Amino acid sequence: MEDEIKKLKIEYQSTTPPKFLVDSGISDLWNRVDNQKRFIEAHFVQFLALGILILIIMSGFIGVISAQAKPGSTLYFVKKFTQKAVRIISNTQINPIKPTVSPSLSPSETIEEKKGEKDSNLESNQNRNNNHEEVKGVKAFENARNSENKASENSHGKNDNSKNDESQDHSSDGNTNGQNNEGHDQEED
Amino acid sequence: MEELKHLIQKAQNGDRESFSEIYKLYFEKIFKYCKFNTNDEFEAQDICQETFVKAWKSIKKFDYSRPNWSIQAFLFTIARNLIIDRGRRKKELPLGQFQEITTNEDFYESIDRGNNIKLIRLALSKLEEIERQIIILRYFEEMDTKEIANILEIKDGALRVRLHRAMEKLKNITEGLYGRRN
């Protein structure tokens, strides 16, 4: 076995490259190097264009796929994660909340902004007044009803209570009506 | 040794003359290795030239301070990778052509005449690629095991184990082939 390996080794060692290759090998080597360099230089723009095209196609493909992602799916999770990552990287928010700063604390804001803010303040004040008036009206109505109730309390007794119950709880309408009837009966009597 | 180091440094700085000197020093070794692995002279020439083109492109990455690393190991690593790539492209093992040494009558007749080299070549072709490379580099190129370990990117200890197993395997295959004849 070892003898055979030795013989094979001699055969291996005796292999010689052809003479022409020894002579022209170096020039062939530099030709290859220069040709490869020239090829890359000549096709650089094409390679670049191809790279950009591939990037566009890939981004479009990813966009289409992620648009079809359903909530709960892995793709949806990946999409959300990517969005989050992009948001963190770009340090921007999709729905930025404007900070509410008082006019006195914002010296850099323009007159138009201030004006707009004043107008909006006026509007909100008016709305508040309107609301206040509405509340006032409701209260007046309630007061009037209470006074009416008080008046009828003196005259009807039980009837008054039934009315209050009616206003508090509509589910007990049957009873109160019955009491009302009683009251009326008493009055009639 | 110092001269070689100087040549490498100059080549790393883009000196073509220095690299040509390195080429002259190692061309024959690389050619033999490629020829034995491909069993095709034209293919061996092409792989050999391509090895040096690749080496020129990546000579700047060559680290002289790396232990058990030499320009020879660097060139053999490139050559081996190219041989494997060609083999993949051809969708057959680089030594597939060895398998053409079929066990016909001529083959056995030459064995009978005491020419067992063909038998060993056939047995070598039946080994795994890494085992074959270990035997070639260790016994034919007479390289240090640490250097071979660097070329094949395995640990020195693992290489010794694999070398031992490869030799056992080769012996068994050879005996099997010879026994089939008898």
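Good morning. I begin with B:Glu21, which has a relative accessibility of 34% and therefore counts as partly exposed. The model under discussion is a predicted one, and that should be kept in mind throughout this presentation.

The partner of B:Glu21 is B:Lys24, and the closest N and O atoms of this salt bridge are 3.6 Å apart. Both residues belong to helix H2 of chain B, where they stand 3 residues apart, about one turn of the helix. A general point applies here: an α-helix has 3.6 residues a turn, so residues three or four places apart point the same way. Is B:Lys24 buried or exposed? With a relative accessible area of 53%, B:Lys24 lies above the 50% limit and is therefore exposed.

Helix H2 of chain B spans residues 16-38, and B:Ser18 is one of its residues. B:Ser18 has a relative accessible area of 3%, and is therefore classed as buried. Leaving aside residues up to four places away in sequence, B:Ser18 touches B:Leu7, B:Lys10 and B:Ala11.

Let me now turn to the interface. Contacts there involve 25 residues of chain A and 36 residues of chain B. The two chains bury about 3100 Å² between them, and 68% of that area is on carbon and sulfur atoms. Which residues of chain A supply more of its buried area than any other three? They are A:Leu8, A:Tyr12 and A:Trp30, which supply 24% of the area that chain A buries against chain B.

As for polar interactions, 13 residue pairs are in polar contact across the interface of chain A and chain B, counting pairs with both residues at pLDDT 80 or more. On the side of chain A that touches chain B, the elements giving two or more residues are helix H1 (2-14) and helix H2 (19-42) of chain A. H2 of chain A gives the most to that side, with 12 residues. By residue class, the side of chain A that touches chain B divides into 13 nonpolar, 5 polar and 7 charged residues.

One of the pairs is A:Glu11 with B:Arg121, whose closest N and O atoms are 2.8 Å apart. This pair crosses between chains, from helix H1 of chain A, which holds A:Glu11, to helix H6 (residues 117-125) of chain B, which holds B:Arg121. A:Glu11 has 34% relative accessibility and counts as partly exposed, whereas B:Arg121, with a relative accessible area of 12%, is buried. The assignment of B:Arg121 follows from its 12% because buried means under 20% relative accessible area.

A further salt bridge is formed by B:Arg16 and A:Asp34, with the closest N and O atoms 2.8 Å apart. B:Arg16 lies in helix H2 of chain B and A:Asp34 in helix H2 of chain A, so this pair joins two chains. Both are classed as partly exposed: B:Arg16 has 29% relative accessibility, and A:Asp34 has 23%.

I close with backbone geometry. In chain A, helix H4 covers residues 74-90, which makes 17 residues. From first C-alpha to last, H4 of chain A reaches 24 Å, close to the 24 Å expected at 1.5 Å a residue. The residue that follows H4 of chain A is A:Asn91, and its phi is positive, near 55 degrees.

In chain B, B:Asn39 has a positive phi near 60 degrees, in a residue other than glycine. Where is B:Asn39 placed? B:Asn39 is in the loop between H2 and helix H3 (41-57) of chain B, and at 32% relative accessibility B:Asn39 counts as partly exposed.

B:Glu153, which is not a glycine, has a positive phi of about 55 degrees. B:Glu153 is found in the loop between helix H8 (145-152) and helix H9 (156-181) of chain B. Its relative accessible area is 65%, so B:Glu153 is exposed.

Thank you for your attention.

How values were computed: Residues numbered from 1 in each chain as written. Chains lettered and ligands numbered in written order. Predicted model: local features only at pLDDT ≥ 70, side-chain atom pairs only at ≥ 80, totals over all residues. Heavy atoms only, no water. Contact = heavy atoms within 4.5 Å. Buried area = accessible area lost by both parts, 1.4 Å probe. Polar contact = N/O pair within 3.5 Å; in protein donor to acceptor, adjacent residues only side chain to side chain. Helix = DSSP H or I, 4+ residues; strand = E, 2+ residues; numbered from the N terminus. Nonpolar A, V, L, I, M, F, W, Y, C, P; charged D, E, K, R; others polar. Expected span 1.5 Å × (residues − 1). Buried < 20%, exposed > 50% of the residue type's maximum accessible area, 1.4 Å probe, protein only. Salt bridge = Lys/Arg side-chain N within 4 Å of Asp/Glu carboxyl O.
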